[in-house]
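Let's take a friendly walk through a protein model together. Have the sequence and the 3D view ready, and look up each residue as you meet it.

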Amino acid sequence: AATSERMGKHAIKKLRKINPDAPMLKFEEDNKPPLKKDKISKKKSKGGDPKSTTKKPHKKRHPRKHDRPKSRKASKEKKMISSPVKPQHPPPLAMDVKVHRMRFLKLHPKSILAMSSTPMADSSNVDVEPSQEPRSPVRLAVSREGGSVELLSPHDRWVSVGDVPGVRGREVDALVWVCGKQGHAARKSDAPESLGSRQSHRMRVVDENRHLFGCSRDGTIFKLDFATKRQTGVIGSGGGGVFCMASMCSRWNGSASREGYFAAGCEDGTIKVYSVFDGDGEVLGMPNLVATLPSAGNAILSLAWVPGQSRNVSGDMGGSVIFAGVADGTIRRFDCTTSAVTGPISTGTVLAPSRGSGSVSYRWKSTLRMTVESRGLREATKVWALQALSDGTVISGDSLGHVQIWDGMSGTMTQTFDHNESGADVLCLAVSEDENKIFASGIDSSVRCIQRQCLPPISNPQNDTSESAPVRKWISSNSHRKHSHDVKALAICHKEKGHASKSLELLVSGGIDTRICTYVANDFKSSRPKIWYNWPSISRISLSRTRRLLAVMR
């Protein structure tokens with residue numbers, strides 16, 4: 001009672017709910033609202049007695065339309081609709097698919113070590129009309145940890161169309177495609193009659209003239225045969241482990257004038273040149289050693305082969321140049337010169353029959369040495385990757401994280417780019433088809449694009465009498481980071497756009513995280529890369545329903 005004046009209405013209501021029989025407080029009596037006038041008037045009757053009340057009788061109203069009773073038929077139909085018919089016996093539960101959960105199947109994808117794309121073959125020697133000429137299928141060879149090699153198709157969403165199982169203890173560290181004479185295989189068989197058979201014949205001829213070779217650090221060189229799924233024609237290098245390979249048709253179109261030659265860089269510092277075809281264009285059972293270049297003194301880590309400008313002799317190596325990245329921090333240049341055979345031959349000389357009488361010798365000679373800076377370190381800088389352009393420009397990627405541009409004619413360094421801030425090694429390089437973009441990646445896992453400046457517009461091209469073309473500098477444009485670990489391989493691949501004559505140029509990257517990422521080379525800055533995971537194209541599980549047996553391939 002002492003605190004009742006401080007209480008509000010809500011507190012009094014709560015007390016009444018808890019104990020409704022409690023006596024009324026003084027604060028409640030003082031604040032009790034009076035009765036309303038209308039309630040008092042209702043209590044009074046006509047005679048003055050407030051207890052006597054009279055009610056007026058209600059008027060009867062006519063039933064409305066919706067209040068009228070419905071017919072029995074309508075009410076029965078409504079009852080049938082409202083209450084669904086329940087089945088007497090519910091159907092038994094059944095599953096369309098039986099799911100088996102297996103914990104013992106562990107699929108461990110292998111990391112990517114090397115990649116190589118098929119060159120766009122020229123089939124002008126085959127008798128097919130250009131308008132109805134089918135293009136050769138583009139393939140990407142991928143070597144993985146454990147020695148296995150896969151053949152991927154970019155037109156089928158990068159599905160594996162062939163594979164070669166690995167050999168224990170022999171990992172494929174480098175891959176290279178070799179192109180040969182395409183007219184010889186066409187003349188070998190009779191000409192087909194129908195156009196469809198002629199197209200299939202041409203497609204088969206193109207496939208037969210593209211051969212894939214690989215090497216390993218155990219000192220072996222071999223051919224990868226996807227038909228038999230074996231490594232055939234295995235030979236020893238004779239110079240220790242083989243770290244890199246290159247051919248004249250690695251990036252340029254494989255034409256009939258470039259016979260099957262490829263070079264291999266060995267551990268003892270020598271570069272060995274092998275031939276795949278004989279003089280008649282027949283494929284040899286194993287690569288034939290035709291030349292051994294002078295030793296550089298240290299292991300050859302990277303190679304780049306630029307074809308010569310002369311096309312006088314079929315399969316001409318004359319005028320071609322090989323650039324080699326050596327483990328002692330240098331880049332060596334080897335030139336191939338031609339001369340008529342007049343006396344004894346020496347090391348590094350290749351004999352080839354000429355169109356006239358006698359033979360022509362191809363001699364390799366070391367002509368230039370370029371030294372990569374070591375930044376005061378005791379160990380020499382390793383040149384892990386090399387690329388060479390048709391104008392003589394050389395691009396190198398080293399262990400200091402630099403991408404350097406060299407003048408291949410004078411041996412001077414023109415530009416240097418830092419691939420990353422941490423100085424991680426640059427392991428791989430790739431060059432676009434128009435040679436205006438360089439792609440680099442490595443331990444940093446980011447793929448960086450270095451682009452060449454466009455030529456300035458010429459105001460009056462008729463009065464342009466400049467003897468030399470203007471120097472076009474390289475600019476670091478942008479980068480993408482889609483890999484989680486080291487990137488060990490880059491490759492340029494072409495993909496057809498429907499029935500259009502032009503093809504889409506793609507950059508493909510792969511590394512330790514086992515997945516493949518594709519980028520649009522011409523629109524590298526604005527386009528987003530796509531990720532393709534390593535799912536096996538053939539199921540590793542076979543199930544026999546009748547025998548209830550499960551077979552798992554590990």
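Predicted model: local features only at pLDDT ≥ 70, side-chain atom pairs only at ≥ 80, totals over all residues.

Residues are numbered from 1 along each chain as its sequence is written, and side-chain values use heavy atoms, leaving out hydrogens and water.

**Aromatic pairs**

How many aromatic pairs does a search of the whole structure find? There are five. Rings of Phe, Tyr and Trp (its six-membered ring) pair if their centres lie within 6.5 Å; planes under 30 degrees apart count as stacked, over 60 as edge-to-face and the rest as tilted. Here are two of the pairs.

| Pair | Centre to centre | Angle between planes | Type |
|---|---|---|---|
| Phe213 and Phe262 | 5.1 Å | 25° | stacked |
| Phe439 and Phe524 | 5.3 Å | 55° | tilted |

Strands (E, at least two residues) are DSSP runs, numbered from the N terminus. Phe213 counts as buried because its relative accessibility is 3%, and Phe262 is buried too, at 0%. Buried means under 20% relative accessible area, exposed over 50%, and partly exposed in between (1.4 Å probe, protein chains only). Ring pairs also join Phe213 and Phe262 with Tyr274 in a cluster.

Phe439 is buried at 0% relative accessible area, and Phe524 is buried at 2%.

**A surface patch**

Phe104, Ile541, Leu543 and Leu550 make a nonpolar surface patch of about 350 Å². Nonpolar side chains in such a patch are joined within 5 Å, and each residue has over 30% relative accessible area and no salt bridge (a side-chain nitrogen of Lys or Arg within 4 Å of a carboxyl oxygen of Asp or Glu). Leu543 is in strand E30 (residues 541-544) and counts as exposed because its relative accessibility is 54%.

**A loop residue**

Is Glu171 buried, partly exposed or exposed? With 33% relative accessibility, Glu171 counts as partly exposed. Glu171 is found in the loop between strand E4 (159-164) and strand E5 (174-179). Leaving aside residues up to four places away in sequence, Glu171 touches several others, including Leu113, Glu145 and Cys215 (contact means heavy atoms within 4.5 Å). Glu171 and Cys215 are 44 residues apart in sequence, with 8.2 Å from C-alpha to C-alpha.

Technical notes: Patch = residues over 30% accessible without salt bridge, like charges linked within 9 Å, V, L, I, M, F, W, Y side chains within 5 Å. Areas by Shrake-Rupley, 256 points an atom, 1.4 Å probe, with all protein chains shown as cover. Helix = DSSP H or I, 4+ residues; strand = E, 2+ residues; numbered from the N terminus.
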